[in-house]
Amino acid sequence: MKIEKRLLSFSDMTRCGQIKKEVKKILIVYADEFNKTSNERYNYLERLKYQSDIYKSANYIIDKKAKIINIIPEEEIAYATEIFNIDNESIIVEVCSKKISKELEKKLVELLSLICIKNSLNPKKDILRLYDVINTRNFPLLIDNNMCFENIKNSTYNKICTMN
């Protein structure tokens with residue numbers, strides 16, 4: 001699977017460089033600029049280092065064309081919730097699309113599978129939506145259509161089973 005690695009600059013607002021204690025969860029979040037490419041989203045997050053109001057980042061960005069960029073190493077904290085205990089134990093995957101195409105779902109499942117295997121996570125209980133941890137309507141598609149979210153988790157589980 002192709003994952004471009006283009007790390008954000010160190011900044012208090014996006015990439016503090018602090019190492020996580022351990023990874024317990026994967027959070028799927030929805031980019032507030034939903035139809036941007038991964039490159040455009042990276043550039044937006046990189047510019048946040050020049051301001052002092054918004055803490056925001058992710059470990060991975062995936063766009064509607066299923067391009068994935070790793071912008072913060074998995075072992076470093078990314079900001080999704082502004083709740084330190086949650087961000088400190090989660091890998092954040094940010095999706096830059098309102099809809100999940102077949103190709104986007106396939107690549108998302110591959111990415112989630114790799115993260116789960118690397119960190120000994122159970123996709124059926126350790127993959128969460130931002131909604132599940134802070135009750136925000138982030139990513140309406142995965143909230144309003146719970147079957148879509150369950151399908152992603154089940155597909156990730158099945159993918160892991162075929163990889164082992």
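## Asp 63 and its surroundings

Setting aside neighbours within four places in sequence, Asp 63 touches Lys 36, Thr 37, Ser 38, Cys 96 and Leu 104; contact means heavy atoms within 4.5 Å. This is a predicted model, in which local features need pLDDT of at least 70, side-chain atom pairs count only at pLDDT 80 or more, and totals for chains, interfaces and linings use all residues. Residues are numbered from 1 along each chain as its sequence is written, and side-chain values use heavy atoms, with hydrogens and water left out.

Asp 63 sits in strand S3 (residues 60-63). Strands are DSSP runs of E, at least two residues; helices are runs of H or I, at least four; both are numbered from the N terminus. Asp 63 is buried, at 5% relative accessibility. The classes are buried (under 20% relative accessible area), exposed (over 50%) and partly exposed (in between), with a 1.4 Å probe and protein chains only.

Ser 38 is 25 residues away along the chain, yet its C-alpha lies 5.3 Å from that of Asp 63. A polar side-chain atom of Asp 63 is 2.8 Å from the backbone nitrogen of Ser 38.

## Glu 76

Glu 76 lies in the loop between strand S4 (68-70) and helix H2 (84-87). Glu 76 is buried too, with a relative accessible area of 7%. Its side chain makes a polar contact with the side chain of Arg 15, at 2.8 Å. Such a contact is a pair of N or O atoms within 3.5 Å; within protein, one must be able to donate a hydrogen and the other to accept it, and residues adjacent in sequence count only if both atoms are side-chain atoms. Beyond four places in sequence, the contacts of Glu 76 include Phe 10, Gly 17 and Asn 59.

## Phe 84

Phe 84 belongs to helix H2. Phe 84 is partly exposed, at 43% relative accessibility. Ser 120 is 36 residues from Phe 84 in sequence and 22 Å away in space, C-alpha to C-alpha.

## Cysteines

The whole structure holds zero disulfides; the criterion is a pair of cysteine sulfur atoms within 2.5 Å. Cys 161 is partly exposed at 43% relative accessibility. Cys 16 is partly exposed at 30%.
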